[in-house]
Amino acid sequence: MSPVPGHPRLRVFYAAAWLAALLACTKSGERVVVYTSVDDVFARPIAEGYEKATGVSVLLVPDTEETKSTGLLNRLIAEQARPQADVFWSGDPMRVAVLARKGITAPYRSPAAEGLPSAYSDPDAQWTGFSARARVLVYHRERVATPPSSVLDLLDPRFRGQACLANPLFGTTSMHAAALFVALGDERARAFFEGFLENGGRMLSSNGEVRRRVAAGDCAIGITDTDDANVARLEGRPLEVVYPDRDGIGTLLIPNAVALIRGAPHLEQGKRFIDFLLSPEVEAELARSAAAQMPLRPGVAVPDGVPAAQSLSAMPVDYAALAPKLEELSMGYLASWAEKAARAGE
Amino acid sequence: MLSCLDLERPGRWRILLIGAVALLVSTPTLLLLRRGLEGELLGKLFWGNALESSLGLAAGVAGASFLVGWPLGSAAALYRCPARGFLLVLISLPLLMPSFLLALGWSAQSLATGFPPHGWLQGAGGCLVSFAASGLALVTLTALAAAGAIPENQREAARLFGGERALVRNTLRSSRAPAALAALLAGILTLSDPAPGEIFSQRTAAGAILESFAARNDLVLASRQSAALALAALALSLPLLLASARGHLRLTLAHTPRKASLRLVAPASAGTAIGFLCVSTLLMLPAVGLALPLWHAPSTSLAGAFEVAFARASDTAFDSLGYALGAGALAAGLALALAAAAGRSARLQGAVLALSVLLLAIPAAAPALGLAALAAAAPGWGDPVLRGPLMVVIALGLRFLPVAALLMLRAWSSTAPAWFEAAALHGISLRAFAGRVLLPALAPGLLLSVALVGLLSASDVVAVLLLHPPGRPSFALSIFTVMANAPETTVAALCLVYGVAAGALVAAIAGRARALNRT
């Protein structure tokens with residue numbers, strides 16, 4: 001006797017079990033596994049370009065800072081004993097620096113990195129920097145008459161209750177916060193963050209939210225990244241962009257950073273993908289994309305509206321040294337500041 | 001070997017089975033928690049006022065969901081009203097939407113309608129509304145199911161005794177306990193979800209855990225916080241769990257297979273319809289907020305946006321369905337084992353409820369990271385299972401096991417002890433009895449478990465993000481990763497396609513359930 005005859009009500013249950021078993025099948029063939037914190041809309045075309053050029057499948061695992069996922073970084077840490085990823089392509093050098101400190105990355109000096117300024121890469125070749133975004137001020141065209149020129153202008157009484165920035169514990173805002181502490185010194189940086197709250201400044205969930213709020217006129221001014229600002233510009237939002245502190249501490253540049261994962265299952269493919277990513281062609285493509293990333297390599301053509309990195313007064317930053325500073329701030333001052341900012345918003 | 005009668009008798013196997021399932025489902029979390037518990041057990045938790053604010057939010061969500069969902073679901077079980085089926089589908093939709101989408105939609109909607117930037121609807125209120133949307137759906141559906149189980153003869157008796165008023169009073173009394181339990185679960189679910197708190201800049205315990213995970217990369221602290229949060233949730237639920245253990249919630253699990261017919265009573269039916277309409281309009285506001293950018297978009301940009309959305313949907317449809325159905329099947333199977341072990345013992349049912357509370361209160365990232373670490377520590381030959389889609393299925397199935405467990409406890413209570421006794425008397429083997437009698441009788445509960453867990457799994461992004469095999473994301477995860485810098489019309493189109501697909505799924509399941517009830 002059949003243990004469980006084919007009762008119609010049970011068929012869905014069987015079908016579900018069958019489908020789950022079917023899912024166990026995996027694809028085979030030449031491939032490279034790339035974890036990336038770069039926004040999917042920008043990373044995917046590059047990955048597809050590589051697939052077309054080489055015939056190698058790129059299995060992209062994207063992440064986003066938009067809703068503060070627990071994220072790929074933790075996945076990489078959890079998988080450290082036997083990684084699945086070959087390459088980590090980060091939207092900023094901080095996350096890769098954290099991985100490097102934990103021994104998750106492997107050194108790789110790519111021949112394709114020639115021409116890229118060494119200031120944007122790890123001296124020990126744990127990661128290599130290329131195309132950059134910048135931290136910029138965005139303001140609503142109709143709500144701000146005189147453009148700001150410095151991030152410190154967020155403390156200006158004319159922006160009382162109208163300025164916003166993303167949670168400084170996450171994403172590029174955290175890197176910006178750490179860089180401000182290094183550039184201004186602890187005392188002045190703390191005074192800036194405290195003054196921001198005293199001036200009625202608001203902490204939002206993400207840089208994308210800063211873009212949306214300023215575009216909607218809900219906030220008059222905010223700090224975000226150039227890719228967010230450019231997307232708003234392309235959508236015809238009434239936003240203006242300022243590269244801040246040209247005459248002072250300089251504008252913070254945030255290079256992409258790519259690293260080879262230690263113990264990568266497809267080591268050679270990973271190296272080839274990194275070589276591809278560091279090529280002038282990819283820098284040019286990222287500049288042409290909606291992300292409007294600035295090539296770090298001199299001489300790469302940039303479209304209108306995208307400044308050359310060399311034309312900016314860049315904030316002098318030791319990117320590798322920012323990670324421990326951020327770690328210290330995340331456990332201390334920034335955590336309590338974020339709590340205070342959240343309470344102020346309640 | 002168990003006999004049919006053993007399923008009705010007390011026995012040590014029951015506790016062993018519940019213990020085994022509890023160990024199985026908590027192993028992934030324990031793998032991560034171990035590191036936290038090894039160190040300073042009572043070390044600093046960095047909560048600030050986060051726990052307090054989370055508990056307040058959970059209480060608010062549970063209270064609001066109960067106060068609105070309980071009467072609404074009970075009324076829907078008694079009275080026929082126009083477009084009842086459609087309104088029920090509409091009210092179920094928030095269950096299928098990832099919480100971050102609901103919060104972003106509500107935020108966009110309140111911005112568009114000009115609520116003040118510091119107004120309560122964009123702060124704690126926004127958080128409450130985003131969470132209460134799914135809580136309300138859960139409580140309404142639970143109250144509907146509980147009140148719907150009151151048989152026709154009891155309804156008539158109540159009417160004869162005290163008219164329509166007595167019927168309503170008695171119905172509300174019988175659906176109160178299940179609705180309260182559902183409200184409790186809805187409140188507990190908010191404890192482990194950081195997204196709305198982050199979007200509305202509210203400090204919550206889940207947000208603090210997220211900070212430990214994502215900003216500090218401190219898994220030890222995060223795991224300690226997760227354990228503390230689960231214990232806090234358990235402590236809060238203790239009164240209800242004790243009530244359950246004393247048998248006060250037996251009614252929750254009572255079940256009558258024959259459904260009563262719905263009546264058209266003019267004022268009550270109109271009131272039910274108006275209640276449903278108001279609630280579903282409120283619940284639809286986030287969806288409208290998400291779709292707003294489509295309103296003013298030029299047709300060329302609309303076409304492009306929908307092209308992207310359909311491409312993403314078709315690329316991810318197979319894996320999304322597989323993850324969802326697989327998780328549903330796994331959860332239903334484990335829930336069946338738990339229900340069989342708990343049987344008709346109020347104490348064991350209480351133990352299953354306690355396990356459910358603990359599982360729901362732990363942030364989804366903790367077991368997912370535990371499974372990822374387990375897979376990394378295992379030898380490579382285990383990869384097809386440990387790093388394949390099945391791992392996502394396992395993580396999701398374990399995450400939503402509590403929902404299936406409650407449904408299966410209720411389904412098990414619908415079986416009659418006489419069936420088991422008769423089978424034993426005639427010497428029928430347990431295997432034959434299960435195949436011929438028990439499983440077909442439990443099939444509606446199993447189907448509902450597969451469906452509900454599947455739908456909840458379809459909207460999960462955390463476990464899928466941390467465990468999916470490279471190149472095989474789900475549709476919800478795809479929206480999550482695309483939405484940061486994609487044009488707003490693309491994000492809106494993705495959300496609309498997701499909402500329509502989810503609605504179609506609910507409608508299909510509701511239709512199937514109706515067909516099953518008829519047979």
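This note sets out points on the domains, helices and nonpolar core of a predicted model.

1. Basis. In this predicted model, local features need pLDDT of at least 70 and side-chain atom pairs count only at pLDDT 80 or more, while totals for chains, interfaces and linings use all residues. Residues are numbered from 1 along each chain as its sequence is written, and chains are lettered from A and ligands numbered from 1 in the order in which they are written.

2. Domains of chain A. Chain A is assigned domain 1 (31-132 + 254-312) and domain 2 (134-252 + 324-345); such bounds come from an automatic or database domain assignment. Their C-alpha centres are 25 Å apart. To the contact, domain 1 of chain A brings 13 residues and domain 2 of chain A brings 19 residues, two residues being in contact if their C-beta atoms, placed from the backbone, lie within 7 Å. The side of domain 1 of chain A that touches domain 2 of chain A holds eight nonpolar, one polar and four charged residues. Here Ala, Val, Leu, Ile, Met, Phe, Trp, Tyr, Cys and Pro count as nonpolar, Asp, Glu, Lys and Arg as charged, and the others, Gly among them, as polar.

3. Helix α7 of chain A. Nine of the ten residues of α7 (residues 207-216) of chain A are buried, so this helix is largely enclosed by the rest of the structure. A residue is buried if 20 or more other C-beta atoms, placed from the backbone, lie within 10 Å of its own. Among the buried residues of α7(A) are A:Glu209, A:Arg211, A:Arg212 and A:Arg213. Just after α7(A), A:Gly217 has a positive phi of about 85 degrees.

4. Chain B overall. Chain B contains 22 helices and zero strands; helices (H or I, at least four residues) and strands (E, at least two) are DSSP runs, numbered from the N terminus. Of its 519 residues, 57% count as buried.

5. The largest nonpolar core. This core, a set of buried Ala, Val, Leu, Ile, Met, Phe, Trp, Tyr and Cys residues joined through C-beta atoms within 7 Å, has 302 residues. Those with the most contacts inside it are A:Val87, B:Ala335, B:Ala368, B:Ala404 and B:Met408. Helix α12 (residues 299-342) of chain B gives the largest share, 19 residues. Domain 1 and domain 2 of chain A both contribute residues to this core, so it lies between them.

6. Surroundings of B:Ala335. Leaving aside neighbours within four places in sequence, B:Ala335 is in contact with residues including B:Leu401, B:Ala404, B:Met408 and B:Ser449.

Technical notes. Buried ≥ 20, exposed ≤ 12 C-beta atoms within 10 Å, placed from the backbone.
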